[in-house]
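Dear colleague,

Please find below the structure that I am handing over to you.

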Amino acid sequence: MTRRDCLQFVSAAAITAAAASAAGDASDRERRMKWWHEARFGMFVHWGLYSVLGRHEWVMENEGIPVAEYETLAKRFHPKPNFARDWARLAKQAGQKYMVMTTKHHEGFCNFDTKLTDYCAPKQGPGRDLVKEYVEAARAEGLRVGFYYSLMDWHHPDGARCANDEDARRRFVDYIHGQIRELLTNYGKIDVLWYDVAWPLDARGWESEKMNEMVFKRRPSSASKPPTARGNPA
């Protein structure tokens, strides 16, 4: 099994149990998931700096591109105006009921406005909040709104170090929790929160119960979490 296969296997499974606990009892979960099971058809958008290269979202890892070299793509990332409107209209025309878009992929670049790093769309090439544009476009078409967020981060200096360094783990977990808090605070009602790749920490290391309690406290009736990309229903 390759490293990538291993990461895909463990994905967000480590936090699934904690999410289920925070979600409440089975009847509450059934209520929250009802729209998801009925929707059946939606658009999932993987999007980040790798689009500048025109290759897979794992290109940084697969091709061994150093952080210092890869991060220069941030200045070259210039999405066209109204990109999200085109996507949302296409989704609506196709009969889709929801959209999920990347807020941060494994590369660590944030498509949203965050106070926790300058490695984000408003402070780099795009010069604007791409997640905000997506949210507004989806809602304009009457679509449910979802966020994909990678816990694993190849760019953050503590992203791998946190596995063996408690000070690094504390910094990195605070960073991740802080960004999730921003996403659940700054964009109104969010229907889907889709975590991905728990490596290199386990549920305890991520403080998953605390993280998901925060999520449901901020969006108790809207943060319904569907099956993860490589996990089980929460």
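Predicted model: local features only at pLDDT ≥ 70, side-chain atom pairs only at ≥ 80, totals over all residues.

Strand β3 (residues 144-150) runs parallel to β4 and is joined to β4 by 5 bridges. Within β4, Leu193 is the bridge partner of Phe147.

**The helix pair**

Two packed helices are described by the angle between their axes and the distance between the axes. For helix α8 (residues 83-93) and helix α9 (residues 130-140), the axes come within 8 Å and cross at roughly 35 degrees. This crossing of α8 and α9 is right-handed. On the α8 side, the contact is made by Phe83, Ala84, Arg85 and Ala88, while α9 contributes Leu130, Glu133, Tyr134, Ala137 and Ala138. Of the residues in this contact, 7 are nonpolar, none is polar and 2 are charged.

**The largest pocket**

The largest pocket has a volume of about 160 Å³. Which helices supply at least two residues each to the lining of this pocket? They are α8 and α9. Among the lining residues are Phe83, Ala84, Arg85, Glu133 and Ala137, together with others including Pro81, Asn82 and Arg128. By class, the lining divides into 5 nonpolar, 1 polar and 6 charged residues.

With kind regards

Conventions
Residues numbered from 1 in each chain as written. Heavy atoms only, no water. Axes fitted to C-alpha atoms, helices over the stretch in contact; angles between N-to-C directions. Helix = DSSP H or I, 4+ residues; strand = E, 2+ residues; numbered from the N terminus. Left-handed = near helix turned anticlockwise from the far one by under 90°. Contact = heavy atoms within 4.5 Å. Nonpolar A, V, L, I, M, F, W, Y, C, P; charged D, E, K, R; others polar. Pairing = 2+ DSSP bridges. 1 Å grid on protein atoms, 1.4 Å probe; cavity = no way out; pocket = protein on both sides within 12 Å on 5 of 7 lines; lining within 4 Å. Points joined across faces, edges and corners; volume = space filled by probe spheres on them.
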